[in-house]
Amino acid sequence: VRRTRKRRIEERKRSEGRGKRSRRKREEEEEERERIRMQEDEERKRLLEIEEEKRQVQQEIEGEKRRIQQEREERERQIEAEIQAEEDKAKALHDLKRKAALKKHHEEEARIAERERLAREEEEERHRKEEELRRKKEE
């Protein structure tokens, strides 16, 4: 019974990680666990570095996309400004031509009105002279 009890205690100790193992073997196992833990830490560190690099590359890509979009918008604004300037220039030229034509038309109307006025005055002068001649003949 004593032997069985002793054996059960040893089995329990082994299952709990203690037992008759030698000190060297326990140290080796501890070193192995430490080595595995360090490898896992290094692996986690490497994964974090990869994630950081990935994040930086993504930020660079996003920055480049924003820069390209801004350049595109700036080019579109410049093109729209150039188009607007051309339209304004064309409108100004059209207005200038219209004003010049209108001025020429008014000047022509003024010449015609002046000729008509002179013709009326000449006609009136002629009628007045004819009237004077007629009166003189009557007298």
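The legends below describe close-up views of a predicted model.

Residues are numbered from 1 along each chain as its sequence is written, and side-chain values use heavy atoms, with hydrogens and water left out. In this predicted model local features need pLDDT of at least 70 and side-chain atom pairs count only at pLDDT 80 or more, whereas totals for chains, interfaces and linings use all residues.

**View 1. The chain as a whole has two helices and zero strands.** Helices (H or I, at least four residues) and strands (E, at least two) are DSSP runs, numbered from the N terminus. The C-alpha atoms fill a box of roughly 185 × 25 × 10 Å along the principal axes. Buried residues account for 0% of the 139 residues, where buried means under 20% relative accessible area, exposed over 50%, and partly exposed in between (1.4 Å probe, protein chains only).

**View 2. Arg5, Arg8, Arg12 and Lys13 form a positive surface patch.** Arg8 belongs to helix α1, which covers residues 2–15. Patches are made of residues with over 30% relative accessible area and no salt bridge, like charges being joined within 9 Å and nonpolar side chains (Val, Leu, Ile, Met, Phe, Trp, Tyr) within 5 Å. Lys and Arg count as positive and Asp and Glu as negative, while His and the chain ends are not counted.

**View 3. Arg44 and Asp41 form a salt bridge, with their closest N and O atoms 2.3 Å apart.** A salt bridge is a side-chain nitrogen of Lys or Arg within 4 Å of a carboxyl oxygen of Asp or Glu, and by this rule the count comes to 21. The two residues are three apart in helix α2 (residues 23–138), and therefore about one helical turn separates them. Arg44 is partly exposed at 46% relative accessible area, and Asp41 is partly exposed at 32%.

**View 4. Arg67 and Glu71 meet in a salt bridge of 2.4 Å, N to O.** Both residues lie in helix α2, four residues apart, which is about one turn of the helix. Arg67 is partly exposed at 36% relative accessibility, and for Glu71, also partly exposed, the value is 36%.

**View 5. Glu74 and Arg77 meet in a salt bridge of 2.9 Å, N to O.** These residues are three apart in helix α2, with about one helical turn between them.

Note on methods. Accessible areas come from the Shrake-Rupley method with a 1.4 Å probe; for residues, only the protein chains shown count as cover. The place of a charge is taken as NZ of Lys, CZ of Arg, CG of Asp or CD of Glu.
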